[in-house]
Amino acid sequence: MSQQAVTPQSENFSEWYNDVVYKADLVSPSPVRGCLIIKPYGYEIWEGIRAGLDKRFKATGHQNAYFPLFIPESYLKREAEHVEGFSPELAVVTIAGGEVLQEPLVVRPTSETIIGEAFSQWIQSYRDLPLLINQWANVVRWEKRTRPFLRTSEFLWQEGHTAHATEAEAEAETLQMLDVYTDFAVNEAAIPVVKGQKSEIEKFAGALRTYTIEAMMGDKKALQSGTSHNLGQNFAKAFAIKYLSRENVEEFCWTTSWGLSTRMVGAIIMTHGDDKGLRLPPRLAPIQVVAIPIYKNDAERTPVLETVNRLVAELRGAGMRVHIDDREETPGFKFNDWEMRGVPVRLEVGPKDVQNNKAVLARRDMGKEGKQFISQDGILAQVTDLLNAIHDNMLAQATAFRKANTHDLTTYDDFKSLAEKGGWARVWWAGSNDDERKIKEETGATLRCFPLEQPEGSGTCFYTGQLANRVAIFSKAY
RNA sequence: CGGGGUAUGGCGCAGUUGGUAGCGCGCUGUGUUUGGGACGCAGAGGCCCUCAGUUCGAGUCUGAGUACCCCGACCA
């Protein structure tokens, strides 16, 4: 943590990020390398994400279930690509109950294998399909390099796992869940995302196709914020997930999986944060409105508090998340404190306001110019509108930022200079896997995705000069 | 696993040629304050990462170890 104010525009964005994460009271340092201690305020943000997703999962017919933390090592090995992809980052339990285990247990890095095993027993008939399951869980991936929320050794997430009778159905499910993530990101987290497909070398270990939502962070890097995989029949074959069709023929299922993690908390910080700290999107903010009573003495105190309590009761009555900050601190301190924690709206009430039936609303997404004196009458409607306006504005700001830093490029020279200064490159792409690796080596930029929304026609690949029929986004990423 | 750092109160740091352990923030008590990060007074709080050495004497010098951080590679 630095003493000087570090801004998102600073040279060291990571430093700013860490600063915000700690100062906004989201996490606490962990004694275990790369693991997170998430404090209540940070966890409430995650709970908001969870609620927003769960609502959408239920609406699309999914049910929650839970599977074991430990996975027999042999399970991982049943799907060749899968084990190859995850082996380097596994944490393995070899001793339990004081005895060396006959078979080591892997702490799940993801649950395709053990859920696949369960699915093989749950599914007998085409009548059992589709099977639509979601699990809220923690997983462990022992990464070399960790950052709070963005990449931690242990993280919280949801992983959806579904089984279908046909390839088309599985593909539809995969894309549907990508849409669910997009809807959530845009309409709750105020983060504009690009839906796209991952390249061969970036896709999930064991998947047929991987789809992603990519967001641009404040330092112009990309962050994969959610993924959805069409697993084809790879796991169905490895775990014998079979059903008897209407025609009485034994068939393999087509499965999918999709996940979104606590990384989303990091995405919110890195997308919206500013010099003053965190800015939380109103629909996810644990505290949407903080009410700060202002008074000089006991005589002023009572009427001010009465007014605050009355206004807050009206807001809470409509389900708004409101906190009254009655700490014995100076108002200035409290203003800054809540700004750092990203509370979208501040409601100030002082003695003058009590007299005039007024109050002050200050919005976190704007500076002093966003401060307005309002009438106490109809406060609920005014705050409701304001929260929506803040959401819209934050989304618009992030969208404008992304647009300003996304460039259609045609030459490798332009590409290299963009990689240097940061931003997304939208380019025609017809390169090989090796070309992709070479670009990463030379510029640090990776192929983030092939956007699902493609331009008409074709163009010249900026790297190979060949005719290309699809556009890719390249960028440095987290 | 490469390259570079750091290790001293809860946090951030200083500590000169080796000689009684310091500062800021925070914390406790108290009083004055309060419309944009207030201030006074009085307090509490340390196995200076570990082990071994040099020395009358080590936070400081030497050696070994450990942990953590940053930049890469690996990845949600």
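Biologist: Which residues of α2 meet α6?
Modeller: Gly52, Leu53 and Arg56 in α2 meet Val180, Asp183 and Phe184 in α6. Contact here means C-beta atoms, placed from the backbone, within 7 Å. Helices are DSSP runs of H or I with at least four residues, strands are E runs of at least two, and both are numbered from the N terminus. This is a predicted model: local features need pLDDT of at least 70, side-chain atom pairs count only at pLDDT 80 or more, and totals for chains, interfaces and linings use all residues. Residues are numbered from 1 along each chain as its sequence is written, and chains are lettered from A and ligands numbered from 1 in the order in which they are written.

Biologist: At what angle do α2 and α6 pack?
Modeller: About 140 degrees, with the axes of α2 (residues 40–59) and α6 (residues 167–187) 10 Å apart. Axes are lines fitted to C-alpha atoms, for helices over the stretch in contact, and angles run from 0 to 180 degrees between N-to-C directions.

Biologist: And how do α9 and α12 cross?
Modeller: The axes of α9 (residues 298–317) and α12 (residues 379–404) come within 9 Å and cross at roughly 60 degrees. That makes α9 oblique to α12: under 35 degrees is roughly parallel, over 145 roughly antiparallel, 65 to 115 roughly perpendicular, and the rest oblique.

Biologist: Who makes that contact?
Modeller: Leu311, Glu314 and Leu315 of α9, with Ile379, Leu380 and Val383 of α12. Five of the contact residues are nonpolar, none is polar and one is charged.

Biologist: New topic. Where is the cis peptide bond?
Modeller: Between Leu129 and Pro130, with omega about -5 degrees. Pro130 sits in the loop between α5 (112–122) and β7 (131–140).

Biologist: What about the phi of Ala240?
Modeller: Ala240 has a positive phi of about 55 degrees, though it is not a glycine. Its loop runs between α7 (234–239) and β12 (242–244).

Biologist: What is the average pLDDT of chain A?
Modeller: Chain A averages 93, and 98% of the residues score at least 70. pLDDT is the predictor's confidence in each residue, from 0 to 100. Over residues 1–5 the pLDDT is below 50. Where pLDDT is low, the predicted coordinates should not be read in detail.

Definitions and conventions:
Two residues are in contact if their C-beta atoms, placed from the backbone, lie within 7 Å. Ala, Val, Leu, Ile, Met, Phe, Trp, Tyr, Cys and Pro count as nonpolar, Asp, Glu, Lys and Arg as charged, and the others, Gly among them, as polar.
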